[in-house]
Structures are given as structure tokens and as C-alpha cells.
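Here is a briefing on one protein chain.

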Amino acid sequence: MIQLSDHFSYKTLLKFTLPSIAMMIFTSIYGVVDGFFVSNFAGDIPFKAVNLIMPFLMILATVGFMFGTGGTAIVSNKLGEGDPEKANAYFSLFVYVTFALGVVFAVAGIIFIRPIAKLLGGEGEILENCVLYGRIILIALPFLVLQYLFQSFFVAAEKPRLGLAVIIAAGVTNMVLDAVLVTLLPKEYKLAGAAIATAVSQFVGGVIPLVYFFSKNKSILRLGKTRFEGKAVLKACTNGSSEFMSNVAMSVVGMLYNLQLLKYAGDNGVAAYGVMMYVSMIFAAAFIGYSMGTAPVIGYHNGAGNHAELKSILKKSLILLLICGGVMVGAAELLAYPLAKIFVSYDAVLMAMTVRGFRIFAIAFLFMGFAIFGSSFFTALNDGLTSALVSFLRTLVFQVAAVMLLPLLWGLDGIWISVVVAEIAAVAFTAIFIIVKRKKYHY
């Protein structure tokens, strides 16, 4: 078994991070399956409604990412310092706080879902579908935030394969229930069926890890007694603020893209962007999974003062990300048509718009991995401020500026190009931060 304290070659680095990569890709795929069933069986209005309300739902779920990544940096650092008792106390604290926040956000979301859907541009039948889908999903929100939290902690616990098994269990649950509920229920209940399938899968993804970490297991982490430490919670929030910012900003930018697309291309633009987001989620998931898989290793060696290993992991990671990005761009260009056909084959105009947009949009994959990894790298080093700045610039500043300005020059194509421009700018600033911080962290 590969341990956090090991020296990592290319082979062991890939072997250790592969379950995390697979876990994130599978999470994205079963989200895509939801979109496939809604689009092809419930119809275009429910599909547009799901795409319209989804960014808001993801904002509420980001607390799980924040405490997962931020808390993992603290816990793995304590393990590197040789203090497993404190590591477990912090682990338990972060799990309990995250679940409590999930409950609060779920209640607030259910109450305010209608005015928020209106604010996002929902009207008439689309608005009613947003409210229906959103309220069902929000019931399971406390377990979704736990699912996101445990994705990071399974790696810190040296159990990435178990984390993958949990995600597969949740994903298969979603797919099977989608196939049953969405296809068999009358048309007016199909969207509710898709929401129920997703909610049940999120319950599975959150409860199984709870049972495992509460039971007697062979993991280096276990849930138990703890006490509230505001300083530790604040540190986890600071560390994970980049991931929180990244996910919130992605959702906010998604809302902004939808508003711009409604302006330049109408409802079809929202649907086309929804297809691109589904596919993009799968590609980006590989980068996120790799970053999530390496973060505890980086945190451990930082805590242990093993600077040579830090330098080695950084160099190997940058090379792997470059290769992966190139392969992704090639694959995306080749698969643009068949992927679009899966979702929107029923509309030739929408199909053409989606294919053209995706082929422009796909160039961003060459650059995307570097900024995602850079943010995670600084989170793992307990440098939450730098990590948050990288994420803030990448996911909010550059994207908002690009999506507001470039359509004025190139119309609809400017919206697709804006993603590429934002990623290039983010890579440039990430490189600057890595160079400037070299002496401080000795990598």
C-alpha cells in the first residue's frame, strides 16, 4: 500500500492519485447521466430549468469542498508532524461542523428557492420546474456536503480506493433510479423522478463514509469525540477558501453565462452551455481529482519538512498536467459532434450551436489543469490566501471580465472564447505565484 510518507515516482504518483481522479470523473459522469435522462425523456423545458437552477444548488454544496480540502491540509499536516490524536480530533470537528452547515443551508435554500430562481431568469414553466427540482435536491444537501468532504479525507486516510467505491455506489444508485423513475413515470413526474434519483444517491454518498469512519476500521482517521475550536475551523475555512471561492465563482459565472446566453442566443444558448458544462465537468474532474489526490501528500511532506520531495512532486505534476491537457483538447475536438448528439439530437439548430461552441471552448482544457493544481498546491501548503487569490482570479475576475467584454466584439463566439482567455490569464498568474513562493516553501 502506498503511504503519504513514501517517495513518489511518476508511476506511484499516478497509482496513488488514480482513485481520486476516477472518483471525480465518476461523480461528474453520474451528473451528466441526470442531464441525459432529463433532456431526452422529460423534455427541453425541464432540461433548461435544471441548467438554470444548478449553479445555485452547487453554491450551497461548496461548504463540503471547503472543509474537505482546507481540513485535509490541516489533518495531513498533523499526521506529518506525528500527532495522529490531534489529526483525528480535527477530522471529527470538521465533519460535524460541515454537516450542521449543510442542514442550515438546506432549510434556507428550500425557503428562498422561488425568488432566487426568478432572479436567475426563470419564468413560467421553467420557473416552476426550477422550484420543483431544487427543493427535492435540497432535502439531501447535508449528505451531499458530506460526500464532497469525504472525497478529500479518504485520500488523507490513505483509503482512496474506498472513496472511489463510495462514489461508484452513489453513482450507480443515481443511474439505476434515473433509468427507472425518469423513463417509467408519466411525463409530468419525470423531472421529480430525476431529482429523487439524485437526492437518494447523495444520501448514499454521505452516509456510507459516516458509517465507516464511526466504526472500528484500519484507517489512520476515525470519527469520535472532539471539542469546538474556532481557530481550527477558521483555519480550515481559510485553507479551503480557494476551493470554496472556486466553486462559488464557477456557479456565479455560470449564472452570468446563462444571462449572457439568453441575451445573445435565447433558451437554446442556455441548453448548449448546459451540454458543454456536462462534458467540461468530466474533463475538469480529472484535474480536480489529481489535485485532490496529491494534496495530502504535499501537506504531509510539508509538515515533515521534506523539501526535496515537494520539489519532485511539483515538477512531475506540471509535466503530467501538460500531457493530459494536450490529450484532452484533441479528444474534445474529435468528440464534439457525437457528444452533442447524445443530448440535443432532437434540434438541428441547437446541435450546430453546441458543436461550434464546444470546439472553441475545448481549447481551455490545455491550460485549465495548471491553475486548478496551483490553487490546490498552495492549499496543501496551508497558504490559503495565495490559493484563494489564484482561484479568485481564475474563476471570477478573469471569467467575468472576459464574458462581459468579448461578446461585444465577437457576439456568441465571444462567450465561448472567454473561457479560453480566462484560463490563459489564470495560468500566467499561477506561474508567477509559484516562482515568487519558491524560497518560502523550498520547492
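The model contains 28 aromatic pairs. A pair here means rings of Phe, Tyr or Trp (its six-membered ring) with centres within 6.5 Å; planes under 30 degrees apart are stacked, over 60 edge-to-face, and the rest tilted. One of the pairs is Y96 with F214: the ring centres are 6.4 Å apart and the planes lie at 15°, so this pair is stacked.

This is a predicted model: local features need pLDDT of at least 70, side-chain atom pairs count only at pLDDT 80 or more, and totals for chains, interfaces and linings use all residues. Residues are numbered from 1 along each chain as its sequence is written, and side-chain values use heavy atoms, with hydrogens and water left out.

**Aromatic contacts**
- Y96 sits in helix α3 and F214 in helix α7 (residues 190-214), so the pair links distant parts of the chain, 118 residues apart. Helices are DSSP runs of H or I with at least four residues, numbered from the N terminus.
- Y96 is partly exposed at 31% relative accessibility, and F214 is partly exposed at 48%. The classes are buried (under 20% relative accessible area), exposed (over 50%) and partly exposed (in between), with a 1.4 Å probe and protein chains only.
- F99 and F143 have ring centres 5.7 Å apart and planes at 65°, so they pair edge-to-face.
- F99 belongs to helix α3 and F143 to helix α5, so this pair ties together parts 44 residues apart in sequence.
- F99 is partly exposed at 31% relative accessibility, whereas F143 is buried at 17%.
- One aromatic cluster is formed by F91, F150, F153, F154, Y212 and F213.

**Confidence**
- Mean pLDDT (the predictor's confidence in each residue, from 0 to 100) is 88 for the protein chain, and 99% of the residues score at least 70.

**Second largest cavity**
- Its lining consists of L57, M58, I137, L138, L141, L144 and Q202.
- α2 (44-80), α4 (124-139) and α5 (141-156) each supply at least two of the lining residues.

**Cysteines**
- The whole structure has 0 disulfides, a disulfide being a pair of cysteine sulfur atoms within 2.5 Å.
- C130 is buried at 1% relative accessibility; C324 is partly exposed at 27%.

Methods. 1 Å grid on protein atoms, 1.4 Å probe; cavity = no way out; pocket = protein on both sides within 12 Å on 5 of 7 lines; lining within 4 Å.
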